[in-house]
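Work through the exercises below with the model open. Each task is followed by a stepwise solution.

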Amino acid sequence: MYRILVSDSMSADGLQPLLAAENVEVVQKKASEAAEELHTFHALLVRSATKVTDELIAKMPSLKIIARAGVGIDNIDLDAATKHGVVVINAPDGNTISTAEHTFAMMTSLLRHIPQANVSVKSNEWNRTAFVGTELYGKTLGIVGLGRIGTEIAKRAQAFGVNVLVFDPFLTRDRAAKISVKNASLDELLEQADIITVHTPLTKETKGLIGAKSLPKTKKGVYLLNCARGGIIDEEALIPFLENGHIAGVALDVFETEPPVDHPLLAFDNVIATPHLGASTKEAQLNVAAQVAQDVLHFLDGKMVTTSVNLPTLTKEVFEKIQPFYKLAKKMGNVISQCMKEPVNDISIKYEGSVAELETSFITKSMIAGFLTPRVASNVNEVNAGMIAKERGISFSEKNTSNQSGYENCITVTIHGDQTTFEIKGTHIPHYGERIVGINSFNIDFYPSGHLIYIQHTDKPGVIGRVGRILGDHEVNIATMQVGRKNAGGEAIMMLSFDRSLDDALLTTLSEIDDIVSIRAIEL
Ligand SMILES: NC(=O)c1ccc[n+]([C@@H]2O[C@H](COP(=O)([O-])OP(=O)(O)OC[C@H]3O[C@@H](n4cnc5c(N)ncnc54)[C@H](O)[C@@H]3O)[C@@H](O)[C@H]2O)c1
Ligand SMILES: O=C(O)[C@H](O)COP(=O)(O)O
């Protein structure tokens, strides 16, 4: 049974797949009111109100996934989630149209003074001269950030006969041409636009993008809108430009601190505001809740999610193709980690044949997670494996080649310690399964599963017999046994599997057999 905490208000219809699922219990209450049971939840669903901090995540040790029913993930400590191995997903396009429409509503309201006129009429006034507005037609709209929402605004503006100028450093000429917008530098946009609207994420680069330095470059009488994230337009910097009449009006749906308390901007008649309503429509809320509900169910069912923020995004088809390899790679990492119990500085992974054409970065993370699992106390998975390896000073790299070395697909993992290097090779054979086919250039063939021991020995008559006799004397049944050697009488290896794990005393007895060089127990 999975327990899911829905900590912000969400569409009940959208959550239906979760509410109807048999193996799921949904609790709808704020995280701050669920202190006693935080440790029991496997999934956390939020909008922008719940602050998902490191502290909150640490109190949720069963947590596997955080789902943001919306776009912005600034309320989620992504590094902390990643560190704890928690997948973060969002619903990137479910509220695009609603936010674009809200921005447009704000723009027309701003230019036609609708909020102010509404208040005036409701105060029994009939003042037709105080609210003379400005037409959109023929004006130049500057859009900063032509992503999902910016694009929808551009289309709507064009229908209103507005010229659209765009500043987006990641926008290609082809895409600009396709949407029939003019690509501009930020300065060109500032100088030419009658109205400027921002639709970027809040990042180091976009924080204060419209601020004390850029505002003097804007046209006198400019209108500004921020329906993206508080801080992209520097709120404090607006004040002198509103006071001296340079700015004709400002529309804000978002604030640097929400809710804004006694905010000086709200004292200006020509500043209009809404309480972060961009995504607040029935349709958008249904879309985002349904999207994350479905994704969370998939995830808990062991399937891949398509909108992860801290994992490579894989389609269902791609995920199905890589699944056998990431399972194999995880086991290979685990086996090699237990075979070479030494500090490791570097891990390299080579993909050969058909596997080399897949999304191997995910497979590599899986191998690193398998490698780290026997070595770290915390839960390690594909999400946090890279970060934990880095923290431990372990570098990793991957190499892909379409050449085949005897197998249709082959993965080779090599680990480098201070003194030693260890290598294993694995392959996946359709309808047969995963096989380890090489250890330190010995050819071998075994199924990596269950209780195993790996023995390095000298290839001499009687060694295998003595191992078998001691195990038999201890009533240990050998399930499978594989041997490998390079030259007669030289170095050799054995890999044995059992129905139960062997105790330390028995391993010590085995290690005392003459000609056994080393022995390692491997638990998978
Ligand atoms: N008010 C609301 O309720 C609401 C609702 C949904 C989204 N949002 C916010 O709206 C914003 C846009 O959302 P989206 O879904 O369109 O995102 P998106 O990722 O589709 O688009 C963002 C665009 O910004 C561009 N960009 C990034 N850095 C830039 C920079 N330094 N200068 C100029 N452009 C830059 C990117 O190239 C991209 O095209 C986000 O901040 C999101 O959180 C607000
Ligand atoms: O990033 C978003 O999706 C919007 O800001 C909407 O936030 P909300 O879900 O809290 O309305």
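A salt bridge is a side-chain nitrogen of Lys or Arg within 4 Å of a carboxyl oxygen of Asp or Glu. The model is predicted: local features need pLDDT of at least 70, side-chain atom pairs count only at pLDDT 80 or more, and totals for chains, interfaces and linings use all residues. Residues are numbered from 1 along each chain as its sequence is written, chains are lettered from A and ligands numbered from 1 in the order in which they are written, and side-chain values use heavy atoms, with hydrogens and water left out.

**Exercise 1. Find which elements the salt bridge of lysine 331 and glutamate 434 links.**

Step 1. The side chains meet at 2.7 Å, N to O.
Step 2. Lysine 331 lies in helix H11 and glutamate 434 in strand S17 (residues 433–439), 103 residues apart.
Step 3. Glutamate 434 counts as buried, at 10% relative accessibility.

**Exercise 2. Trace the network that holds Arg3 and Glu25.**

Step 1. Arginine 3 and glutamate 25 form a salt bridge (3.2 Å, N to O).
Step 2. Arginine 3 is in strand S1 (residues 2–6) and glutamate 25 in strand S2 (residues 24–28), so the pair ties together parts 22 residues apart in sequence.
Step 3. Lys29 and Glu37 complete the network of salt bridges. The total count of salt bridges is 16.

**Exercise 3. Describe helix H12 (residues 360–372).**

Step 1. H12 has 13 residues and reaches 18 Å from its first C-alpha to its last. That is close to the expected 18 Å, where the expected span is 1.5 Å times one less than the number of residues.
Step 2. Of its 13 residues, 11 are buried, including Phe362, Met367 and Phe371.
Step 3. The cover includes helix H11 (316–339) and strand S13 (344–353), with contact meaning heavy atoms within 4.5 Å.

Methods:
Helix = DSSP H or I, 4+ residues; strand = E, 2+ residues; numbered from the N terminus. Buried < 20%, exposed > 50% of the residue type's maximum accessible area, 1.4 Å probe, protein only.
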